[in-house]
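Colleague: I would like to go through the salt bridges of this model. Please show it first.

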Amino acid sequence: MATKNLSEYNSASVPDASNMIFGIVVAEWNPEITGALLDGCVSTLEKHGALPENIHVKTVPGSFELIYGARQMTLNDGYDAVIVLGSVIRGETPHFDYICQGVTQGIARLNATNNIPVVFGLLTTENMQQAMDRAGGRLGNKGDECAVVAIKMAKF
């Protein structure tokens with residue numbers, strides 16, 4: 001369980017993002033969660049100087065498709081970082097485990113084989129309340145955290 005607010009960070013440690021271009025791939029599944037993650041991500045990028053026209057958002061049907069979407073964005077040399085945002089909530093079948101493992105491995109592979117950082121913003125929760133807590137609720141917004149990570153990795 002998260003022990004800190006995902007939206008808390010030292011603003012002074014975040015580089016200026018005014019000359020950076022970001023790709024964001026967001027899953028349509030669980031839209032109340034992924035929409036909140038996207039809002040947090042975009043607002044944090046802009047807070048640190050990213051221009052709205054330099055934040056490109058594409059949607060994919062579900063979390064497994066985040067891998068393909070991120071790969072397509074890494075093929076475009078114009079992005080300084082790509083962020084994936086999704087939400088998988090455990091159900092009654094092992095589908096949750098397969099999706100979470102597949103996306104984790106796919107994004108890790110992209111990071112190991114590409115020159116553009118791909119930031120992992122997939123919530124993997126036991127229930128809807130845990131997802132809401134991490135998408136702007138009592139534990140902050142994972143989208144904020146992903147934006148900060150993307151800026152720092154783009155500057156790396």
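This is a predicted model: local features need pLDDT of at least 70, side-chain atom pairs count only at pLDDT 80 or more; totals for chains, interfaces and linings use all residues.

Modeller: Residues are numbered from 1 along each chain as its sequence is written, and side-chain values use heavy atoms, with hydrogens and water left out.

Colleague: How many salt bridges does the structure hold?

Modeller: A salt bridge needs a side-chain nitrogen of Lys or Arg within 4 Å of a carboxyl oxygen of Asp or Glu. Arg90 and Asp97 form one, at 3.5 Å. The total is four.

Colleague: Which residues are joined with Arg90 into one network?

Modeller: Arg90 pairs with Glu126 at 3.1 Å, N to O. That pair links distant parts of the chain, 36 residues apart. Arg90 also bridges to Asp97. Shared partners join Arg90 to Asp97 and Glu126.

Colleague: Is Lys142 buried or exposed?

Modeller: Buried means under 20% relative accessible area, exposed over 50%, partly exposed in between (1.4 Å probe, protein chains only). Lys142 has 19% relative accessibility, so Lys142 counts as buried.

Colleague: What separates Lys142 and Glu145 in helix H5?

Modeller: Their side chains meet in a salt bridge at 2.6 Å, N to O. Helices (H or I, at least four residues) are DSSP runs, numbered from the N terminus. H5 covers residues 142–155, and the two lie three residues apart there, so the separation is about one helical turn.
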